[in-house]
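Subject: Model for your pocket work

Hello,

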Amino acid sequence: MQSMIRRNLFAIGLGALAFAATPAWAQDNYPSKPIRVVVPYTPGGVSDTVTRLVMQKLSDRLKTPVIVDNQGGANGQIGSAMVARSAPDGYTLLVVVAGHAINPSLYAKMTYAPLTDLRGVSEFGAIPLLMVSSAALPPKDLKEFVAWAKANPTQATFASSGTGSGAQLSAELFAQTAGVAMTHIPYKGMAPALPDLFSGQVAMAFDSVQTMMPQVRSGKLRALAMTSARRWPAAPEVPTMAEQGYPSLTGGSWIGLLAPAKVPGDIVRKLSSEMQKVIDAPDVHAKLIEYGIDPVGGTPEQFDAFIQSEARRWADVVKKANIRLE
């Protein structure tokens, strides 16, 4: 009887081992040809630059070409829809930023479902934003800015790189949280907004550390707060939002890698594992920090959960601000 039990257990064990080994065999066959990574934005931006850095390292690890393909347009929707409809074999992937989780709230109609047609692979990193105000205006810090904005509602304006942009939504969330009525002034990118910020015609803006910190150093703008979880290495003198009583304003943008939803889990896990090794490499880690990105990594499940939480967070902001795009 005992020997029969042992034989049965042995057979079960062999079956379990065979089952466990199946994903590994599938992984061993992947990749067997070049991988295409779509960036749904125009070349030259931070997302494009970071993607090319990270994908070159991933290519080295996978020992196969990884081709970056820019397919910009419609706030990331054109390239994203293309990947969502591609064959779920792991050979067409997508790089997205926070707009991926925001778009479902901004657009009444989309040709794909961002939160269900695509699945997370790996988050490259978080992109904290710097809140700045014009040095031509009286406020010297965040507390003074809030008081000034409440006392001067007609001058309480903020610039952004366009309606529905992360810069606008971060400012809207700040205004909602601080209880300040502010007027949005959209520009075609942040560069055209800088002269008006310098002169004080526009009071405030959120943007990347890379863009804004040089203007702060020159004395044209004042750094009021970082949305990072901790003080940023390149601007340690700037307090975080949380330090100044606004913990809900921690965050900003982010960047990461997605795959079509039906790509097999073992391929997604292999990609995620290799991506973690890339992100953890000292040279890549240092370069991401230099680009204003806090390296993250993590599992596909963690990234999916984060994207869902971001979608809920920004949907509330969009609804309160009554923002809609066609």
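**Pockets and their linings**

The lining of the largest pocket takes at least two residues from each of α2 (46-62), α4 (99-106), β4 (118-134), α7 (166-178), β7 (204-208), α9 (209-217) and β9 (252-260). α7 contributes the most to this lining, with four residues. Helices (H or I, at least four residues) and strands (E, at least two) are DSSP runs, numbered from the N terminus.

This is a predicted model, in which local features need pLDDT of at least 70 and side-chain atom pairs pLDDT 80 or more, while totals for chains, interfaces and linings use all residues. Residues are numbered from 1 along each chain as its sequence is written, and side-chain values use heavy atoms, without hydrogens and water.

The largest pocket holds about 1,100 Å³ of space. It is lined by 42 residues, of which S47, V97, S161, D207 and S253 are the closest to its centre. A pocket is an open set of points on a 1 Å grid over the protein atoms alone where a 1.4 Å probe fits, with protein on both sides within 12 Å along at least five of seven lines; lining residues have an atom within 4 Å of a point. Volume is the space filled by probe spheres set on the points, which are joined across faces, edges and corners.

By type, this lining has 18 nonpolar, 22 polar and two charged residues (nonpolar: Ala, Val, Leu, Ile, Met, Phe, Trp, Tyr, Cys and Pro; charged: Asp, Glu, Lys and Arg; polar: the others, Gly among them).

The second largest pocket has about 210 Å³ of space. Its 19 lining residues include A126, T227, A229, T250 and G251, the closest to its centre.

Regards
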